[in-house]
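Dear colleague,

I am handing over the structure below, and I would be grateful if you could look through it alongside the notes that follow.

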Amino acid sequence: MTTVPDKVAEGVGSWLQRSMPLVALMLLVLLFSLLSPRFLSIDNLANIAVQSSHIGLIAIGMTLVIATGGIDLSVGSVLALSICVAGLAMAPADAGGAGLSHVTGWCIGLATGALAGAVNGWLISGLGLSPFIATLGMMSIARGVANVLTDGMPVEDLPEAALALGSSSIAGMPWSVLLWAGIATLGGLVLGWTRLGRYACAMGSNEEALRLSGVRIGPWKTALYVLSGLLSAAAGLIFLGRVSNAQPSAGVGFELDAIAAVVIGGASLMGGRGSMSGTVVGVVLMGVLRNGLVLMDVSAFWQQLVIGVVVVVAVLLDRWRSA
Amino acid sequence: MTTAPDVVLSVRGLKKAFGAVQALSGVDLEVRAGEVLVLLGENGAGKSTLLKTLSGMHVPDEGEILVRGRSLPFGQPGACEAAGIVTIYQEFNLVRDLSVAENLFLGREPHRLGLVDHRRMRVEAGRMLARVGLDLDPARSVRSLGVAQAQLVEIAKALFRLERSGGGVLTLDEPTAALADHEIAVLHALIRDLKAQGQALIYISHRMPELRAIGDRVTVLRDGASVASGLLADIADDVLIRAMVGRDVATLYPRREVAPGAPVLEVEDLQAPGFGPVSLAVRQGEIVGVAGLMGSGRTRLLRLLYGDARPARGRVRVAGEPLRAVTGPAGAVAAGMGLVPEDRKNKGLALGMAVRDNLAMATLERHASWGLLDRGSLARTAKELVTRLRIRCRDISQAVGRLSGGNQQKVVLGRWLARSGPVLLLDEPTRGVDVGARAEIYQLLAELAAQGKAIVVVSSDLPEVLGIADRILVMREGRPAGWLEGVARTQEAVMRLATGQEETT
């Protein structure tokens with residue numbers, strides 16, 4: 001017999017299991033606010049949000065791709081390529097650019113990211129390469145193209161307007177954070193409430209069953225990689241505004257941060273399972289961890305170690321959670 | 001309580017609950033040396049839980065397990081194997097990329113000077129394979145073996161473990177589900193051989209004639225409890241079925257009035273390398289059965305019809321409209337076909353996803369407005385189908401992998417009911433499905449035919465083909481060997497055509 005308190009305990013237990021990333025985040029916030037008086041200040045929290053926003057955007061696309069059982073290793077390089085192309089489009093002619101308006105430049109950057117994603121999608125669903133291999137190739141190709149285009153030098157002298165997405169605010173809210181919040185909401189809608197999102201999970205769970213149900217896999221899967229490329233480019237435009245020049249070496253290692261955030265958020269790398277709110281929590285958790293460690297004067301080397309441990313522990317906890 | 005001297009395994013009052021679900025509610029059984037105990041029960045009756053408890057993967061709440069009178073420690077897989085409880089599950093536990101010899105000795109490789117002694121391993125492996133009557137090179141990779149051979153390798157591996165433990169109980173969980181008739185004969189000969197050597201066995205299967213051929217005693221499980229036991233020869237089939245289902249199953253195959261209408265599915269000269277030409281027409285309201293031995297081209301026929309394989313020549317038309325092969329399954333579905341594939345776990349279902357999502361897999365676009373899915377209408381449709389097909393699930397958000405085989409199969413069928421296309425193709429629709437659910441599936445097919453659908457059923461279960469099909473196409477070596485209709489539909493006639501004993505009818 002189960003009694004009422006039993007059921008309540010069971011309910012609380014299952015809620016705790018489902019919301020474990022969120023609970024971990026809250027504990028971490030509590031810990032840092034006790035250890036450092038500066039942690040809970042508005043400025044610092046805004047700082048965390050701004051610094052997480054570009055990884056936040058990349059992780060949204062990554063969640064969709066990982067739900068299919070795939071992976072996109074090229075996001076960091078695609079980010080670099082997109083901002084270099086956008087930078088060259090927007091930079092004044094005397095600095096070697098095309099002198100186009102900032103909106104045109106942004107669109108060109110986004111198109112570049114989408115194109116790289118389309119190539120990924122074609123390699124994977126057209127030529128049948130594994131996502132790991134295809135995007136590993138693109139990781140190198142996009143980086144190479146970015147270096148060739150810029151001769152390995154940062155694109156400087158960008159117009160002030162070109163940096164707006166990463167540097168300015170509206171009504172006190174940074175554009176980057178607003179964009180992240182808006183696109184994450186859209187991403188959640190796509191994952192849970194559209195055919196694209198449901199097909200993504202179904203591909204990750206059993207692609208053959210989906211194909212035999214009469215769904216053309218290729219176009220849908222390609223669309224997901226296009227989205228991932230597009231979001232990497234969007235993240236790039238934010239990143240561009242923050243560092244104020246377009247470096248071909250930007251975004252190295254971003255793919256690992258994004259993948260870690262998605263996994264902390266409860267997605268399975270085997271596919272079929274992913275949660276957009278979980279991913280957002282994962283990104284924030286990593287941001288809080290970095291920020292808190294900095295406030296406590298922990299060296300960057302130790303930060304790397306701690307983040308690695310967190311990723312491993314998150315996956316172990318998740319295995320316990322889904323067992 | 002005393003036990004007969006030849007009782008090898010005895011289980012008494014075994015109980016096990018998972019949360020609120022009582023998976024085992026009192027199981028008693030005995031297995032004797034040199035005998036096969038047949039374990040019968042519908043899916044969900046507790047067979048899997050019982051097997052897992054016996055092999056130490058679950059800890060029971062109550063009861064005891066005695067092996068040769070000594071009680072078995074609970075929840076220790078190693079100790080259970082050492083005591084001689086070895087189980088061969090439906091899903092093989094072989095590493096496909098390793099050789100046969102390496103698989104046989106996995107974890108117990110013979111050593112010499114710290115290195116694996118490959119020579120001794122191969123010689124020993126040869127001896128073990130000979131015991132199961134398998135003549136193949138132990139260096140071959142398991143990947144290169146057929147299902148039947150892989151099965152025999154599993155048995156050889158199990159016998160090796162039994163040998164090391166000094167003999168115990170060998171359990172076979174639906175060993176013939178994927179075997180052709182002549183392979184079943186080989187397996188049964190091996191089991192008789194083992195019996196003669198005094199081996200005690202537990203045998204699980206849904207196929208009644210097979211159980212009669214091989215079993216000595218029977219224990220029937222229902223709702224987690226053993227409800228009947230005895231010598232198999234003393235108990236009639238209908239008594240067993242009643243014990244299993246808990247009610248009378250009046251007739252497995254529904255009575256149908258057939259009045260076929262216009263042809264819906266038309267196939268002309270369908271050819272592929274080593275296949276065809278096949279021509280056929282399936283009319284509205286008709287169920288066409290496709291029989292034949294394994295490898296005779298039955299499944300290939302369905303794949304070619306469905307656009308899952310490209311024909312070299314030939315035409316397929318659905319309701320008069322020609323189907324273009326390049327469009328693949330998506331084109332076939334758009335034209336009004338639906339396929340219930342043979343391998344429902346790998347090709348039919350997204351096991352980790354909800355019942356609702358699996359039911360909607362072929363109709364998602366109908367629930368979208370302005371790009372967004374209408375979750376309310378998705379849930380309504382899913383609930384209707386669950387009620388209509390009597391799918392037993394906790395709710396529509398339960399993962400489909402948690403359901404029993406019969407209920408999983410109903411979900412695949414439900415997906416096509418939701419689309420309500422005019423043509424339904426089914427490949428081995430009742431494999432691994434218990435008697436109760438089978439009767440329901442047959443009833444459903446009869447209803448669909450009565451509504452005017454054209455249905456093609458491929459099956460290696462002869463009584464099933466004879467029971468539900470109006471006409472039977474028998475395939476042999478990729479070619480149609482003949483059609484059987486009306487009173488000509490007998491098991492003997494099908495087998496004669498399938499084996500080529502009779503060229504012309």
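Before the sheets are described, one term is needed: two strands are said to pair if DSSP finds at least two bridges between them. Please also keep in mind throughout that this is a predicted model.

With that term in hand, chain B holds an open sheet of 6 strands, whose order is β18-β21-β22-β15-β23-β24 and whose pairing is mixed. The edge strands of this sheet are β18, covering residues 337-340, and β24, covering residues 479-485, both in chain B, and each of them pairs on one side only. Direction ignored, neighbouring strands of this sheet are turned against each other by 20° on average. Within the sheet, strand β15 (residues 287-292) and strand β22 (residues 454-458) of chain B run parallel and are joined by 4 bridges, and here Gly289(B) stands opposite Val457(B) in β22(B).

Strand β13 (residues 263-272) of chain B runs antiparallel to β14(B), and 6 bridges join the two; Ala272(B) stands opposite Phe275(B) in β14(B).

Strand β14 of chain B, which spans residues 275-283, also contains Pro277(B), and the peptide bond that joins Gly276(B) to Pro277(B) is cis, with omega at about 5°.

A polar side chain deserves a look as well. Arg471(B) lies in strand β23 (residues 471-476) of chain B, and it counts as buried because its relative accessibility is 13%, where buried means under 20%. A polar atom of the side chain of Arg471(B) lies 2.7 Å from the backbone oxygen of Ala281(B).

Arg68(B) has a phi near 50°, a positive value in a residue other than glycine, and its place is the loop between β4 (62-67) and β5 (70-71) of chain B; with a relative accessibility of 44%, Arg68(B) counts as partly exposed. Leu113(B), likewise a residue other than glycine, has a positive phi, near 55°, and lies in the loop between β7 (111-112) and β8 (115-116) of chain B. At a relative accessibility of 84%, Leu113(B) counts as exposed.

Turning to chain A, which residues make the nonpolar surface patch of about 780 Å²? The patch is made by Leu115(A), Val119(A), Trp122(A), Leu127(A), Leu129(A), Phe132(A), Ile133(A) and Leu136(A). At least two of the patch residues come from α5 (102-126) of chain A, and at least two from α6 (131-150) of chain A. Leu127(A), for its part, lies in the loop between α5 and α6 of chain A, and it is exposed, with a relative accessible area of 53%.

Key:
Residues are numbered from 1 along each chain as its sequence is written. Chains are lettered from A and ligands numbered from 1 in the order in which they are written. This is a predicted model: local features need pLDDT of at least 70, side-chain atom pairs count only at pLDDT 80 or more; totals for chains, interfaces and linings use all residues. Side-chain values use heavy atoms; hydrogens and water are left out. Patches are made of residues with over 30% relative accessible area and no salt bridge: like charges are joined within 9 Å, nonpolar side chains (Val, Leu, Ile, Met, Phe, Trp, Tyr) within 5 Å. Accessible areas come from the Shrake-Rupley method with a 1.4 Å probe; for residues, only the protein chains shown count as cover. A salt bridge is a side-chain nitrogen of Lys or Arg within 4 Å of a carboxyl oxygen of Asp or Glu. Buried means under 20% relative accessible area, exposed over 50%, partly exposed in between (1.4 Å probe, protein chains only). Axes are lines fitted to C-alpha atoms, for helices over the stretch in contact, and angles run from 0 to 180 degrees between N-to-C directions. A polar contact is a pair of N or O atoms within 3.5 Å; within protein, one must be able to donate a hydrogen and the other to accept it, and residues adjacent in sequence count only if both atoms are side-chain atoms.
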